[in-house]
Amino acid sequence: MRNIRLTLLAAAVSMAVNVEAAEDTLQNQALLMMQETAAEAETEASSEDGEEEKEKTMAEKLEEKTAFPGLFDVYRDSEDGSGLVVVTDDMLNKPFLYMAHTVNGALDAGHFKGGYRDGKLIEFRKYFDRIDVVALNPRYYFDPENAISKAADANISEAVLLSTKIDMNEDGKYAISLSDLVLNENIHKVSPWPNPAADKNSKSYKLGKFQDSKSRILEINNFPANTDMIVEYVFEDSNPKNFGNNELADPRYVSVQLQHSFVELPENNFKPRRDDPRVGYFLQQFDDMTSDRTANYRDVINRWHLEKKDPSAKVSDPVKPITWWIENTTPVEWRDTIRDATLAWNTAFEKAGISNAIEVKIQPDDADWTADDIRYNVLRWTSSPRPPFGGYGPSIANPYTGEIIAADIMLEYTFMKGRWIQANFLSDGYSESELGHFEQEDLHCSLGHAMNGNLLFAQATAMANGMGDIEKDKMLKQTMYYLILHEVGHTLGLNHNMRATQLHSNDVVHDESVTKGILAGSVMDYPSVNYAPPGKTQGDFYTDKPGPYDDWVIEYGYSVGLADAEEEEKRLEAILSRSTDPALAFGNDADDMRAPGRHIDPRVNIFDMSGDAVEYAKDRFALIRDTWGKMTEKALNPGDSYNDLVVGVNAVFTELSRQANVTSRYIGGVYVDRAMVGQDGASKPFTPTPAVTQKTAMSSLRDNLFAPDAFDGMQPLYDLMQKQRRSFNNFGKNEDPRIHEMVLKAQQAVLSHIMHKNTVERIVDTELYGNEYPLEVVFADLTDAIFEDDSKGSVNSFRQNLQVAYVNRLLNMSGLEAKSAYPTFAQAVATYELEQIEDALNTSRGDKATKIHRNFLQRRINSAFHKSKS
Ligand SMILES: [Zn+2]
């Protein structure tokens with residue numbers, strides 16, 4: 001035993017010595033080479049040690065290591081794992097695209113599998129005996145004809161990301177340390193940027209310190225056009241205050257596997273195409289510093305390099321199609337749907353003059369390549385515990401030209417299952433407006449979340465209403481189909497179009513003979529599931545082919561351009577001038593009204609459907625009322641727990657809340673038109689929502705969200721809403737459903753919008769240019785909606801909560817108790833409404849609880865008036 005230990009120790013020591021010697025040799029390479037040039041040293045070496053000890057060439061030294069040939073050749077020592085990256089002379093001072101994406105990572109650390117995090121242009125530059133990696137800033141354009149271009153570098157900063165000593169060099173090849181390049185946060189910040197709000201909150205999870213001794217380079221994947229290195233970053237916090245989520249094996253350590261990719265920029269005859277506010281492409285932004293226009297944008301759209309094989313033909317196959325591979329991990333039963341949905345985009349390209357633009361292949365089970373090879377565009381398949389996005393469709397584009405170089409789509413199977421993704425239910429006090437309005441960066445797509453909510457709602461409703469298996473299969477298939485269409489759309493360069501679901505009128509949207517698989521102008525929206533209301537036959541649940549907007553933007557982005565710049569501009573403008581066609585309406589995440597008080601055009605929203613979303617929502621409320629009563633009967637099976645019922649009730653209630661939010665946005669809304677001056681069919685840029693629509697929205701909210709009987713249908717469900725117990729997971733939480741809180745949160749979400757400072761200010765502003773639903777009428781109607789129906793009798797507990805919440809908001813708006821941020825007229829309106837309410841409270845009708853409630857409200861209002869007078 002003792003001997004074995006000693007032998008092992010000896011082996012370890014000798015290995016350590018060898019490693020040290022090797023490192024020493026490498027580090028002193030430059031010095032040794034200098035010594036070699038000295039004649040004495042040379043003589044000494046040859047006379048004392050003979051031919052064998054002659055200094056090895058760089059090539060010979062590298063030969064002893066494991067080689068990873070590719071864009072940047074990488075060599076790794078098989079004993080100590082140390083590595084060298086070779087940069088050649090022709091790679092210096094030349095831009096490369098650098099990308100970082102998370103291969104695997106805990107959400108608590110701000111990383112999710114497959115998430116692209118960073119993309120920038122970098123250059124390797126030689127500075128004496130060092131190689132610098134510099135981040136470029138290509139954003140600013142200077143017309144070379146203009147004298148100002150001589151001052152192009154003024155105040156525009158490059159960033160030296162790292163500088164490392166050249167380890168060896170020979171024949172225009174420079175070897176630098178692999179760890180210096182990627183085993184740190186120099187090129188990419190892996191840990192989250194400081195977030196003062198979250199950092200102050202002692203409850204939120206915090207990532208520990210980067211541990212370079214525990215971090216390591218896991219993989220080197222080298223290909224002709226890209227060199228990828230996967231690094232495992234370990235962060236440590238020995239005393240974490242928050243233990244994070246279940247994905248962390250030990251809350252003290254978080255590891256993130258991040259891939260660094262160095263990508264060669266293509267050299268070809270690709271011509272950038274300008275962006276335009278009327279179409280929704282992802283883009284590369286450039287500011288023209290020598291232009292005198294106020295909008296000095298030279299932005300170019302992201303698009304693939306598709307050329308016609310036969311340029312003279314009206315429609316031609318491409319020289320090189322966009323090839324998608326279905327990853328071999330994809331369940332066989334889903335492959336046809338995924339292929340068909342991807343190929344469905346070909347109809348749009350055909351209208352733009354390119355046939356068979358997209359082809360789909362299946363990755364063979366014995367394929368010798370992986371999705372990491374940038375030459376392959378892969379539809380990938382994963383299943384994570386807590387997926388943040390449902391199908392993430394990023395594309396990698398050349399930052400100079402917008403040419404899309406590669407794309408992958410990550411499909412989260414979880415979203416296709418009847419599993420509730422959110423950790424909390426509305427009946428637990430969870431609020432969609434708190435967690436559900438996923439703030440988005442450009443490239444993020446939360447469609448999976450949206451579709452999961454839709455699917456659960458539709459499944460619960462289908463169960464209650466006894467929908468047949470054929471219809472249910474159609475629903476599931478159309479859900480997946482839509483998800484693929486949408487995510488492939490992103491990889492073609494398209495961003496969201498949250499206005500697209502306005503295409504059909506509410507009268508025909510359920511009629512399959514009219515919709516024919518196209519429910520919206522675009523597949524790039526987050527639609528409501530088009531479930532038929534009572535009395536209507538079920539039509540399409542979702543769109544299953546690109547819509548008119550999609551065809552149009554593909555024509556703009558992909559139709560072959562003309563050589564002459566002026567002619568080309570005329571051609572593009574002719575396409576763009578069709579933007580006033582209602583079928584081509586567009587508005588993206590930057591315009592949508594999902595969050596209270598945000599943005600102005602109610603037609604640009606998520607979860608809405610049809611050109612009359614207020615009427616559509618009314619039908620949905622009717623469906624929900626009809627569904628509640630049937631749920632106890634259909635969702636409960638002898639021998640099962642009540643879990644399915646809880647999930648169903650929460651999904652249906654979430655849908656009710658979503659439709660109430662959609663409806664509320666029409667009050668004080670403004671319709672936006674982005675047509676250019678003088679464009680045919682254009683309306684003015686801003687048109688207030690017609691008063692009749694605003695009033696319909698108000699009365700629908702009154703009937704379906706505020707009315708005393710709005711939630712009567714749920715009555716039989718309250719004492720059945722029990723989640724299935726799991727070990728001690730309920731510890732510290734009360735498991736009874738928080739029904740009042742659930743209802744009040746949905747009502748508060750709507751009040752948050754209607755009474756938002758932005759909305760109130762806009763109602764007053766728009767009265768200057770056509771709004772016929774003035775502020776004093778909006779608030780009179782709102783007060784009626786909340787107080788009138790039970791003014792002559794008892795006030796039930798839901799209404800009591802609602803009335804108190806409304807009065808509190810009026811007090812806040814009025815400035816009676818504390819300084820108000822609202823415009824003075826809004827303060828006056830709030831004060832007037834409080835007086836009306838105070839008067840109406842003077843009644844002796846109702847039960848004892850009602851008297852107590854009214855007494856409370858009266859005292860609340862009185863004391864505020866009293867305070868303001870003193
Ligand atoms: Zn999306």
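Glu573 is partly exposed, with a relative accessible area of 28%; buried means under 20%, exposed over 50% and partly exposed in between, for a 1.4 Å probe and protein chains only. The model is predicted, and local features need pLDDT of at least 70, side-chain atom pairs count only at pLDDT 80 or more, and totals for chains, interfaces and linings use all residues. Residues are numbered from 1 along each chain as its sequence is written, and side-chain values use heavy atoms, with hydrogens and water left out.

The side chain of Glu573 meets that of Arg278 in a salt bridge, at 3.2 Å from N to O. A salt bridge is defined as a side-chain nitrogen of Lys or Arg within 4 Å of a carboxyl oxygen of Asp or Glu. The pair links distant parts of the chain, 295 residues apart: Glu573 lies in helix H14 (residues 565-576), and Arg278 in the loop between strand S14 (253-263) and strand S15 (283-284). Helices (H or I, at least four residues) and strands (E, at least two) are DSSP runs, numbered from the N terminus. Arg278 is buried, its relative accessible area being 3%. Both residues belong to a network of salt bridges that links Arg274, Asp276, Arg278, Glu569 and Glu573.

In total, the structure holds 39 salt bridges. One of them joins Lys214 and Glu236, with the closest N and O atoms 3.2 Å apart. This pair also links distant parts of the chain, with Lys214 in the loop between strand S11 (209-210) and strand S12 (216-222), and Glu236 in strand S13 (residues 226-236), 22 residues apart. Lys214 is partly exposed at 33% relative accessibility, and Glu236 is partly exposed at 23%.

Another salt bridge, between Lys618 and Glu615, has its closest N and O atoms 3.3 Å apart. Lys618 and Glu615 are three residues apart in helix H15, and are therefore separated by about one helical turn. An α-helix has 3.6 residues a turn, so residues three or four places apart point the same way. Relative accessibility is 29% for Lys618, which is partly exposed, and 27% for Glu615, also partly exposed. Helix H15 (residues 613-634) contains Arg625 as well. Arg625 counts as partly exposed, at 37% relative accessibility. The C-alpha atoms of Arg625 and Val652 are 9.9 Å apart in space, while the two residues are 27 apart in sequence.

Five strands form an open sheet with antiparallel pairing, in the order S1-S2-S3-S10-S9. Strand S1 (66-68) and strand S9 (168-170) stand at the edges; each has a single partner strand, so one side of each is left without a neighbour in the sheet. Two strands pair if DSSP finds at least two bridges between them. Strands S2 (residues 74-76) and S3 (residues 83-88) pair in the antiparallel sense over three bridges. Tyr75 stands opposite Leu84 in S3.

Leu768 is placed in the loop between helix H19 (757-766) and helix H20 (775-787). Leu768 is exposed, with a relative accessible area of 75%. In helix H20, the buried residues are Leu775, Val778, Phe779, Leu782, Thr783, Ala785, Ile786 and Phe787. Helix H20 has 13 residues and reaches 18 Å from its first C-alpha to its last, close to the expected 18 Å; the expected span is 1.5 Å times one less than the number of residues.
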